[in-house]
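Subject: Structure handover

Hi,

Here is the structure for you to look through. Please open it next to this email and follow along.

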Amino acid sequence: MTRTIPIFIGLAVAAVVTVVLCTFTGPAGFGFVTTAPGAADIVGGIRLPRVLAAFFVGASLAVAGAAMQALFRNPMADPYILGTSSGGALGASLAIVFLGGFFVPVFAWIGAVTAILVVWAIAGRRGVVSVETLLLTGIAVSFFFQAIVSFLIATSGQNVHQILFWLMGGFWNASPSDAILSLCILVPAGSMLFFMGRDLNALSLGEETAAHLGIDARRARLGVLTGSTLLVAGAVSIAGSIGFIGLITPHIVRMLTGPDNRVVIPACILAGGILVVVSDTIARTFFSDLPVGIITSFIGAPFFIWLIWQRGEAR
């Protein structure tokens, strides 16, 4: 634990510097000192809430991704593996098509939570919920919800552009309330997963091993799923589906700190936030506010391919 202190200090400093620099960076190019009309409104009223919302959303996805990878003992697991992204997409699409775009965040949150409830209900219908059953059920529910979303896209006419942009993820409409909401979700849910770090370490070794260590696997699994679902549902409702953050951030952190989830979880908060803030700043500064999900995919996919290549070389 002691050797990770410099890493945490470095990540914390990097997070603060990233938030400050990205708040003062944009296509308008105001910089740190400016007397341009409207500069204060743009920096304080638009950029800062957007940067903070991006940071908290990135932190939420990274923490949820680390928890899911430990729970499923699978480095390929991501926060959306149980269908929360597809459920959120379905809820948002329904709001766009039938409510004219009103209440999209609310319906996205409901859809994401509904997805995990459906998965849990199907997987646990016999009273026993195994990790494998959860995984397979999540994949099936995710494909079903994606089919409905595809149907809505094919039949929505003029709403198709709005749905597609939401699916790619972004912070175009981020407000101070979004930043506050994402923080209010991150603090309790992230804290719960942090204090379950020992349980996550045990679960990552297998349920039998966890039982021998005195861990109630079913109770721990339910706690991990609850915390992760709250984080992902909140992130999806604010920013849509942002890929690769929850997948690659835990790997980056483990390369720096090791596999102990008591260290990985808090480090993911900082690293995930940095990645999304930088990606969003690149998107809005250099690409006319491109969906941030495109930028994260451009960054995440090559990194993940490199990671797979390195694992193959190690073997």
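**Overall build**

The protein chain has 13 helices and zero strands. Helices (H or I, at least four residues) and strands (E, at least two) are DSSP runs, numbered from the N terminus. Read from the N terminus on, the elements run α-α-α-α-α-α-α-α-α-α-α-α-α. The radius of gyration is 20 Å, close to the 20 Å that the globule rule gives for 315 residues, so the chain is as compact as a globular protein of that length. That radius is taken over C-alpha atoms, and the globule rule is 2.2 Å times the number of residues to the power 0.38.

A word on the basis. This is a predicted model: local features need pLDDT of at least 70, side-chain atom pairs count only at pLDDT 80 or more, and totals for chains, interfaces and linings use all residues. Residues are numbered from 1 along each chain as its sequence is written, and side-chain values use heavy atoms, with hydrogens and water left out.

Along its principal axes, the C-alpha trace spans about 65 × 55 × 40 Å. Of the 315 residues, 50% count as buried. Buried means under 20% relative accessible area, exposed means over 50%, and partly exposed is in between (1.4 Å probe, protein chains only). The accessible surface of the chain comes to about 14500 Å². Carbon and sulfur atoms hold 71% of that surface. These areas come from the Shrake-Rupley method with a 1.4 Å probe; for residues, only the protein chains shown count as cover.

Now the contacts, meaning heavy atoms within 4.5 Å. Take those in the chain with a separation of 6 or more: residues 24 or more positions apart account for 76% of them.

**Helix H10**

Look at helix H10, residues 217-239. How far apart should its ends be? At 1.5 Å a residue, its 23 residues should span 33 Å. The end C-alpha atoms are 32 Å apart, which agrees. The expected span is 1.5 Å times one less than the number of residues.

H10 is mostly covered, with 18 of its 23 residues buried. Serine 228 lies in this helix. At 1% relative accessibility, serine 228 counts as buried. Leaving aside neighbours within four places in sequence, serine 228 is in contact with Ala64, Ala67, Met68 and Leu193.

Aspartate 216 caps the N-terminal end: a side-chain oxygen lies 3.3 Å from the backbone nitrogen of arginine 218. For scale, a polar contact is a pair of N or O atoms within 3.5 Å; within protein, one must be able to donate a hydrogen and the other to accept it, and residues adjacent in sequence count only if both atoms are side-chain atoms. H10 is followed by glycine 240, whose phi is positive, near 80°.

**Two loop residues**

Phenylalanine 244 is in the loop between H10 and helix H11 (245-257). Its phi is near 75°, a positive value in a residue other than glycine. Phenylalanine 244 is partly exposed, with a relative accessible area of 26%.

Arginine 73 lies in the loop between H2 and helix H3 (84-98). Arginine 73 has a positive phi of about 55°, although it is not a glycine. Its relative accessible area is 37%, so arginine 73 is partly exposed.

Threonine 18 sits in helix H1 (residues 5-23). Is threonine 18 buried or exposed? It counts as buried, at 12% relative accessibility. Not counting residues up to four places away in sequence, threonine 18 touches Ile274, Val277 and Val278.

Glycine 44 is in helix H2 (residues 39-72). Glycine 44 is partly exposed, at 41% relative accessible area. Glycine 44 and leucine 167 are 123 residues apart in sequence and 27 Å apart in space, C-alpha to C-alpha.

Isoleucine 308 is found in helix H13 (residues 292-314). Its relative accessible area is 46%, so isoleucine 308 is partly exposed.

Cysteine 22 is in no disulfide; the nearest cysteine sulfur, that of cysteine 268, is 19 Å away. Cysteine 22 counts as buried, at 9% relative accessibility.

Best wishes

Conventions
A disulfide is a pair of cysteine sulfur atoms within 2.5 Å.
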